Every structure is written in C-alpha cells, then in structure tokens.
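This briefing concerns the packing and the chain contact of the structure shown below. The points are grouped by topic.

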Amino acid sequence: MYNLHLTAEQLEIRDTVRDFVAQEIKPIALKSARLEAGDRRFPPEIFDKASQMGLRTLSLSEALGGAGVDNLTSCIVTEELAAGDVDFATVLAETSTLGHKLFDQAMTPEQRARFLPQFLADDRYHLAWADHEPDNEADSALGIHYHRPERTAVAVKTTATRQSNGDWVVNGIKNFVANAPLAKLIAVQVRTDPNASGANGVSTLLVTPGTPGLTIKEHDTASAWYHGTRGELVFKDCRIAAADLLGAEGASPIGTDVVGRGIPQFEALNLGIGRAAYEAAIDYAKLRIQGGRPIIEHQAIGTLLAEIAIKLDVARNTVWQAAWASDHPDVYADRSLSGLPLETVARVFTSEIVHQVALDAAECFGAMGVMRDMPMHKYVRDALICLHSGNGNSDAKLRIAEGVAGYRR
Amino acid sequence: MDFSLTEEQREWQMKARKFAAEVLRPVSLERDRIQDPIKTWDWDIIRQGSKLGFRTMAVPKQYGGEGTDFVTQSLVMTELARGDSAMSKAFSQNWKWSHLISAVCSDEQKERFLKAFLADDTFVMGKGITEPNAGSDNRLPPADAPKAGFRLRAERKGDEWILNGEKCFIANANVGKLFFIDARTNPDVGIKQGTTMFLVPRDTPGFRSGKVFNKNGWRFYQNAEMIFENARVPHANVVGEVNGGVKKGSDDTTGGDLFGDLELASNALGVCDAACESALRHARTQTQGGKPLFEQQQIQLKLNRMHMLTEALRSFVMRIAWEHDKKMHTTNPGLAMHFSSDAIQEVTQLNMDIHGGAGYTMDAGADKLVRDGIIWTHLANDAVQRMRTARRLAK
C-alpha cells in the first residue's frame, strides 16, 4: 500500500493556515524596518490569533480539548507557518508538541487537573522543556567516538535533592531552553540520583516561572544562532513540590523518542524557510524585467527555479516520510521502510538543500539579495542556522553511518 | 616558467600583510557589527593605508603614483582581504579608476584629477552604472530590447551637460570625491551607441548621494544612491568621445572591467586564506571527547578541500595577474572571477562547518566570512556574468 492522499481535514487545515500566514504573518514578517533591525519578535496579538485558531494546542488530544492531529499534520502546519515566519512557527511548534507529550502522555490526572485548565484558557500559555546545559555539545556529539564503544553519555549536572517532606531542592543551570522566556510551565531534566550516570537517575520536574529560587533570562537575540526564543534558567535552592515530579523518579518520560525517529518538526521548519525563499523568488522573477522580458522567461532563471522546485519537493518527501513513520512506528518493524533513522536522514537532506535553495533564490534578486531591509538575506541566514545548529550534519551523518554499519552500542 | 616574486613585489606583499594583521584584522569584527551602514566606514583606516601607498599604488609612476604591476596589486589585495575583505575593496576600488584615468582620460583631465587624488589621503573614487531598473541590462544589453539599460540622461547646454536621473548601489557614492558616470546622451539608440562617460566631482551642483545600502556582508564598504537633479557637468569632463563612453571603458585591456575581475578573484583569495587559517586554528585548539578536532577524519577532509580550493585559486589569480602584466587579452579573468566565487562560497562554508556543532552559537568570525563571501554571488558569479564570459569565449 502506498498512499499519498492527504485527508480532507489535513487539506483544510493546510489551507486555513496558509491563509492565516498570508493575511496575518507575512505583512509583519516582511516589514523592512523589522528585517533591517534583525527584530525576530512577533506581536503577542498574532500569537493570540494563532492560539484561537487552535494552533497552540494542535497536537493535544481532542479528549483534553486540543485538535489531536497526528505528527504529519503537525509538520504540514509547521511548514506553512515557517514559510511565513520561522521564529513564530518555532514557538508554536514547541508548545504544540510538548502539549501532547506533557498533558496526554506524561501527567497524572491530578497534575492535569492542576495545569490543563490554565493551559487551555490562556492564549499566551506556552510550554518549554529544559534539557540543555552549558557545554552540552561536547558531551552529546558522537564525533571522535564514532563506531567506538567508549562514549560518555550526556551529563545532566542540574541536581534535585529530596527533602524530608518529599519536596525537591534544585540547583544548576539550563541554557538555550526553547520557549523559556514565554513559557508558563517548564519541564526540567534533573539528576535525582547522583550515583547513576547518563540517562539513568534523571527525572523530570514541572516548574512554573516565579517559583522562588528560579531566574529566567532571555538569551541575547542579536547573536542568536537558533529560531524562536530561548532562555537560561538558573536554579538556586529552588524548591519544587513532590507533586510536581513528572513520571517516575529516575525515569524521565520526556525525551524518550528513539534517536533519529522523532517528529520532524525541525525539518518542517527548515522546509518552510526554503518555501519562503522559493515563493519570493518566483514572485520577483515574474515582476523583474531585464533583457526585455520578465527574468523568469530567461533560461538561466527558469532553470534555477526548476532546480529549487525539485529540491524542495524531494525534501518534503523525506520530511513527510519521517513524520508518517513517527505516527506509525510499526513501519520499521514490518520492514515497510528501511531501518534508517529517517528523521536524521530528513534533517541532513533538508538542511543541505534548503541552504542551497536560499542562496539560489537570493541570486535571482541581484544586489537586493544581500540587503538587510529585504527578506532574502534573512532566508539565507535562517537556512544557515538550521544547517549548523545542534551537533551539526557531520555528526548526524556519523549517527546514520553507525546505523548503516549495524553498529550497536 | 618561474613562480618567484621580485624583491619589490615581496616587499609590497609583506607591507600589506603587516598592515592587515596590525590595523585591519583587529577592528574587522567590530566594524562589521555596527548596525548603521554609514558608521561602519572609518576614515582613519583609509588615511593610514593611504600613507602606506595602498590607495594610490595603481597610478603609473609617470603621473606621480607608485606604478605597481598587476602581480603586486593582486598580492596586496589578497593580503588586505585576509585582514578584512571590505576594507581591501575600499582601497582597490580606487585602483580600478586609477587604471581607467590613466587609460582613457585626456592629459588635461589627468592633470586635474590625478594630482588631487594623489595629494589627498581621503580622496576616494567610484563609478555609477547600475540604476533601479537597470542592472543585468547594462552588463548584457539585450539584442531584442535596444532601449534597455540605464536611463540617466545627459543633455548638452552650451559648455555644460545637464544630468538628470539616479544610480543605485554605487560604491563610495556617499564618501567619494570623484565619480565616473555613464549617462545616455542619445536616448534613441542602445546603451552601446548612445552613452557618454562623465567625470563628476562630489561638489557638482545638482548632485547628491542618497540612501546608503545596508548590506549583509562587506559592511565596511559603502554603497549608496546617487541623485542627479539638473546636475551641471562641464564639457571638459567628458571622458573620451560623446556617445563613446561604454565602448571606451570596457574595451580597455587593463582598466575597468578586466581589472575588476582580477580584483574580485584576488580579494576572494584573501578571504579563503583567512578561512583556512581560522579553520586550522579551531581544529587544533578545540577538543571533542578529550581530543583536538583535528584528529577526526571528517575535519581533515574538510581542511583538505578548503586548502585545495584556495591553492587552486591562488594559481589562477597569479596567472591572470601575470597575463595582465603581459597585456594578454583573454577570457581568463572572467573565468577566474567565477571560480573565485565558487571557491569563496565553499571555503567559507566549510570553515563555518568546522566551527559548527556548537549548539546555539556560532563563531562571529566564521559568520562574517560567510556573509562577505555571499557578496560574490551577487557581484561576480550570477548567471549574467557567467554568460557574459561565455560570449567572450565565442567571439
């Protein structure tokens, strides 16, 4: 069976979001002054509108009050939003994905009763997952340990110490936490067993901003090499109630996706950047007249646009395949799909081609392609950020290589 | 065949290397970070470089300049670009027009303008061709649209020409003291037949510079609008013949166009050198899993490719510089310029890649080199430039 039909519902959601992007997002995203200042923030009123459309609670189950869409639909929506503004899309994708993980999958009914009503009622209620710590990359990279057994696991250095009444006292620093500056509920990875190593002995605690002992600071956006908004969390003897332990002690319920087979949200965001560049180039190529006719009528530009179209279409296939596989993990088990880590495959391919797409699309604009008050340079930068964030593609290829080699740690 | 440099060439190279390392490199990132595109410029850098001869080195000795050959000019551009690509361009931009003045201006014009240029450390020049609706059309005038191309109009009135129109993206437009301006003197024919080139000093009545463009790379280098509202230029400032401007400028085998190709290729080489240096340093000093990055095969392969492209570019650049000195007229300068654009993109990208894997931060220097490199796509290697070189091949 091979079926590429989207459902009527998926098509409708896509059209609705595309319309929202055209009406509400692009007029703001494309403002010269905003582009020139490198301002990546969006007015909260637009987030409110997106929330009222159900985009903030898109993945939360219908039973709990969300739209309950699958991962594929969620990635389709993310691509559409990112084609309008990648930073806006990043914030919503994070909250939507975490909404399902936290409320549907990880919380107890008691925790749900405490947090869900506010989450549903407040259009500005965002979620964050605090995993990253300073100097994480050196630990999490495969790099020199490729195909070698002696690999150290990611160290969680933030500690939570159990008090006599069952409460936890947390100390440590998390940084570059997505959505931290906006979030009203944060799930924090903490080490509850100082003697365990790696993922063992790591638990998740729920914390709300304003808790004494917790300071949240937004990272300097001028040099930000990420999308959306990220912040630093400093815990200093921060007391968290026993009731806010998420899942079991020493067994965090978050971040347990099989490596390389998660939801390709990052890849969908990346694809959206390529789409934005592509669409801008087509519009301009139809409008700009040189050589006596619109430049799209010249072979050089026509071929360039065709190559861009091919690349984006193939990339979308890799993203949708990874998304569909994350909705139906049995496709790996029944050998319908290869055993490759498909999300990682999609990540490498999409980031490499979207970078090329953004550069080629910018070329169509001549000198305007490098001006800060025009959008093309931003698409190039956004594509570079995707290409070189996290541990990077070189590391991703090593992970795929270990899979190809059948290497098991 | 002999690849060795003369003592004089070597001296210029060393002088430029020292200036780049001691003066340009230390302020490069700080200038790049300034948000306001007008404030990235620094007269002090121009003055210091000028006193060392970097502003005037292309003026022939007979007119009082340094009279360096093209090999020397290429070496110096590369060394300066290693410190800061845009600063190197800010100096070499003047050489382009020094060549043009020497090649096509009358003795009287040389006397008037070269003397002033040589005497003033802050005298910089530019040339205005591009207009909002005429970019590619100027470089590759379409056969089926004879009226395509720039529209700036010049009409004769007695001993003066009256200029009306605007130019955009013009180098040094807001800081320069003298400009070459291509204007239509016969609007009824194509630009090849109906253009005259004028020397337009800064204080020309009716001329002013407008918006300064906010580029994402080459931040130090200034590009601005030029606005002509009944600007009055004396007939004595016509370069060459009336309706002969474009031909004069681009047929010349040393100045204008062909120097521009060598210029961009040599500058790109300096950026590639800077990227290689940065990547190698990072690979040696940064560790992962307790070992220098350099020990990883992936890193070695990237470093190899960066150096391979850079050294291939160096060979190509030196060859076209040598060909210029031998007055050989080939398509190699164009081809070298296109190659330099491919090389600079890939080499600066690989440098960023080697600096990558750092999570949510990026080395500011690696980022700058990539942004400077992208400028080449929009200047040296778009389809129009490549087709233009191809058409020279078929001639």
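How many salt bridges are there between chain B and chain A? In this predicted model, the count between the two chains is four salt bridges. One salt bridge joins B:R386 to A:E363, with the closest N and O atoms 3.5 Å apart.

**Contact between chain B and chain A**

- Chain B gives 45 residues to the contact, and chain A gives 43 residues.
- About 3,700 Å² of area is buried between chain B and chain A, and carbon and sulfur atoms give 54% of that area.
- Between chain B and chain A, 23 residue pairs are in polar contact, both residues being at pLDDT 80 or more.

**The side of chain B that touches chain A**

- The elements of chain B that give two or more residues to this side are helix 6 (136-139), helix 10 (297-325), helix 11 (332-355), helix 12 (364-377) and helix 13 (383-394).
- Helix 12 of chain B provides the largest share of this side, namely six residues.
- By class, this side of chain B comprises 15 nonpolar, 17 polar and 13 charged residues.

**Nonpolar core**

- The largest nonpolar core has 145 residues, and those with the most contacts inside it are A:L55, A:L81, A:F88, B:F54, B:M306 and B:W376.
- Helix 9 (residues 256-285) of chain B supplies the largest share of this core, 13 residues.
- Leaving aside residues up to four places away in sequence, A:F88 touches A:F20, A:I25, A:F42, A:I46, A:F47, A:A50 and A:L81.

Terms used: Residues are numbered from 1 along each chain as its sequence is written. Chains are lettered from A and ligands numbered from 1 in the order in which they are written. This is a predicted model: local features need pLDDT of at least 70, side-chain atom pairs count only at pLDDT 80 or more; totals for chains, interfaces and linings use all residues. Side-chain values use heavy atoms; hydrogens and water are left out. A nonpolar core is a set of buried Ala, Val, Leu, Ile, Met, Phe, Trp, Tyr and Cys residues joined through side-chain atoms within 4.5 Å. Buried means under 20% relative accessible area, exposed over 50%, partly exposed in between (1.4 Å probe, protein chains only). Helices (H or I, at least four residues) and strands (E, at least two) are DSSP runs, numbered from the N terminus. Contact means heavy atoms within 4.5 Å. Buried area is the accessible area (1.4 Å probe) that two parts lose on being put together, summed over both. A salt bridge is a side-chain nitrogen of Lys or Arg within 4 Å of a carboxyl oxygen of Asp or Glu. A polar contact is a pair of N or O atoms within 3.5 Å; within protein, one must be able to donate a hydrogen and the other to accept it, and residues adjacent in sequence count only if both atoms are side-chain atoms. Ala, Val, Leu, Ile, Met, Phe, Trp, Tyr, Cys and Pro count as nonpolar, Asp, Glu, Lys and Arg as charged, and the others, Gly among them, as polar.
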